[in-house]
Amino acid sequence: FYVSGKYGQEESNTTKDSIAPIIDKVSVDAKWSNKNKNIDIAARDNSTGSGLAGYIVKTENKTPTLTETGWEASTSSKYTTVNSYDNGTYYVFAKDNAGNISEGRKIVIEKVDKEAPTCTIRINPNGTAAPYKTLSIISNDTNIDLDGYSWDHTNYTEDVVKVTENGSYTGHLTDLAGNKGS
């Protein structure tokens, strides 16, 4: 076989790519949680681009540097962050293999609650002729599960109980994030 011509190193596709990736969507689980949340990201690089290389989440909408700590390497267009985040406002950035960085995409996390709910017990006398007193569990927490009240710490359905004997009574409650208090 005979081969002729000029040969050299082919120019890498990454040097031709000057278009930054685009973040199409960022989201978090909408349910209440007592743990920090991971952010789901959907992004893309242009069709002739060098491909996605990673993601970073910051607390300010300031374009990060390529060497900044916190980049999570990923070539996937659908990605869930390794790190998890508490309530707050965050900005997600994507980078491609050519070093182009997307504009920041804002995400607000609001439904992380790590505090146990508190309550007081109100005693309703029910008049002097009644053979019982009514006890009610009262909480100032606005995040209480509607089925999250209990007097026996197992059956979480009732926030009111009628008692006929003197004694010590404890009300238990659970909030929507799963925190328990008494």
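User: How is a salt bridge defined here, and how many salt bridges does that rule give?

Analyst: A salt bridge is a side-chain nitrogen of Lys or Arg within 4 Å of a carboxyl oxygen of Asp or Glu, and by this rule the count comes to three. The model is predicted, so local features need pLDDT of at least 70 and side-chain atom pairs count only at pLDDT 80 or more, whereas totals for chains, interfaces and linings use all residues. Residues are numbered from 1 along each chain as its sequence is written, and side-chain values use heavy atoms, with hydrogens and water left out.

User: Which parts of the chain does the pair Arg44 and Asp24 link?

Analyst: As a general idea, side chains of opposite charge can pair when their charged atoms come close. In this structure the side chains of Arg44 and Asp24 form a salt bridge with an N to O distance of 3.0 Å. The pair links distant parts of the chain, with Arg44 in strand β2 and Asp24 in strand β1, 20 residues apart; strands (E, at least two residues) and helices (H or I, at least four) are DSSP runs, numbered from the N terminus. Arg44, at 43% relative accessibility, counts as partly exposed, and Asp24, at 35%, counts as partly exposed.

User: Where do Glu68 and Lys58 lie?

Analyst: Their side chains meet in a salt bridge at 2.7 Å, N to O. Glu68 lies in the loop between β3 and β4 (72–73) while Lys58 is in strand β3, so the pair ties together parts that are 10 residues apart in sequence. Glu68 is partly exposed, with a relative accessible area of 26%, whereas Lys58 is buried, with a relative accessible area of 12%.

User: What parts of the chain does the pair Lys114 and Asp86 link?

Analyst: The side chains of Lys114 and Asp86 meet in a salt bridge at 3.4 Å, N to O. This pair links distant parts of the chain, 28 residues apart, with Lys114 in the loop between β7 and β8 and Asp86 in the loop between β5 (78–80) and β6. Lys114 is partly exposed at 45% relative accessibility, and Asp86 is partly exposed with a relative accessible area of 30%.

User: How should I read Lys95, and which side chain of opposite charge is nearest?

Analyst: For charge, Lys and Arg count as positive and Asp and Glu as negative, while His and the chain ends are not counted. Lys95, in strand β6, is buried yet has no salt bridge, and the nearest side chain of opposite charge, Asp96, is 9.0 Å away. Contact means heavy atoms within 4.5 Å, and, leaving aside neighbours within four places in sequence, Lys95 is in contact with Pro21, Leu52, Ala53, Gly54, Leu66, Trp71, Asn100 and Ile101.

User: Which residues of the largest nonpolar core touch the most other members?

Analyst: In soluble globular proteins, nonpolar side chains tend to be buried together. A nonpolar core is a set of buried Ala, Val, Leu, Ile, Met, Phe, Trp, Tyr and Cys residues joined through side-chain atoms within 4.5 Å. The largest core has 16 residues, of which Ile23, Val26, Ile39, Ile41, Ala43, Tyr55 and Val92 touch the most other members. The elements giving two or more residues to this core are β1 (22–27), β2 (40–44), β3 (52–58), β6 (88–96) and β7 (105–109). Apart from this core lies another, of eight residues, including Ile144, Trp151, Val163 and Leu173.

Terms used. Buried means under 20% relative accessible area, exposed over 50%, partly exposed in between (1.4 Å probe, protein chains only).
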